[in-house]
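Welcome! Let's take a short walk through this structure, with its charged side chains as our guide.

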Amino acid sequence: METEGRADESSSSQRDPPQNTGSYEFSLTPQDSQPAEKSVPIEEPIVVDRKAIEKLTEGLLSHYLPDLYSSKQALLELNQNQVILLDTLDQEVTKFRECNSLLDLNSLFTEAKFYHGKLVNIRKDMIMLHEKTTKLKKRALKLQQQRQKEVMEKEQQREKELERERQLIAKPAQRT
């Protein structure tokens with residue numbers, strides 16, 4: 001129906017004499033359409049009715065606007081989907097970071113077990129060394145007491161020998 005209206009408008013605009021009110025002139029000059037070297041005969045300017053321009057504009061807009069609106073809607077939907085996708089990716093990145101931190105925690109727990117085992121071994125070694133030093137101190141004390149006893153016995157032995165020697169030394173007899 002639109003094509004009929006357009007065809008009617010274009011044929012009526014060619015039959016009707018041009019009106020000065022509301023009409024536009026379009027003209028092509030040789031400079032606009034072809035290089036200056038060739039000479040082209042100058043054509044008469046084309047006069048188009050204002051109503052025809054409006055109808056042609058409406059037809060052009062009615063032809064392209066629905067596609068443009070649907071394209072706009074598709075772009076808006078795509079934009080929303082991209083926002084949703086970005087949010088989802090952000091959540092996934094957060095999950096991966098949490099997983100990496102869990103792996104770090106696992107390695108920390110493994111290290112903690114390892115060092116706990118070392119500390120237990122060091123504690124056992126320290127307890128064993130403490131027991132050994134306690135035994136050595138007791139033995140050293142016993143040896144010290146034994147030596148003191150031996151020294152005392154020698155001292156007593158020497159005193160006895162000195163006493164015996166004094167008794168054996170001849171005493172001058174008393175004259176009576």
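**Charged pairs along a helix**

Arginine 166 is exposed, with a relative accessibility of 53% (exposed means over 50% relative accessible area, buried under 20%, and partly exposed in between, with a 1.4 Å probe and protein chains only). This is a predicted model, in which local features need pLDDT of at least 70 and side-chain atom pairs count only at pLDDT 80 or more, while totals for chains, interfaces and linings use all residues. Residues are numbered from 1 along each chain as its sequence is written, and side-chain values use heavy atoms, leaving out hydrogens and water.

Which side chain does arginine 166 meet in a salt bridge? The partner is glutamate 163, at 3.4 Å from N to O; a salt bridge here is a side-chain nitrogen of Lys or Arg within 4 Å of a carboxyl oxygen of Asp or Glu. Glutamate 163 is partly exposed, at 36%. Both residues sit in helix 3, three residues apart, or about one turn (helices are DSSP runs of H or I with at least four residues, strands are E runs of at least two, and both are numbered from the N terminus).

Side chains of opposite charge can pair when their charged atoms come close. In helix 3, glutamate 155 and arginine 158 are also three residues apart, about one helical turn. Their closest N and O atoms are 2.8 Å apart, in a salt bridge, and glutamate 155 is partly exposed at 35%.

Helix 3 covers residues 50-168, and arginine 50 and glutamate 54 lie in it four residues apart. Their side chains form a salt bridge at 3.6 Å, N to O. Arginine 50 is partly exposed at 40%, and glutamate 54 is partly exposed at 41%. The count of salt bridges comes to four.
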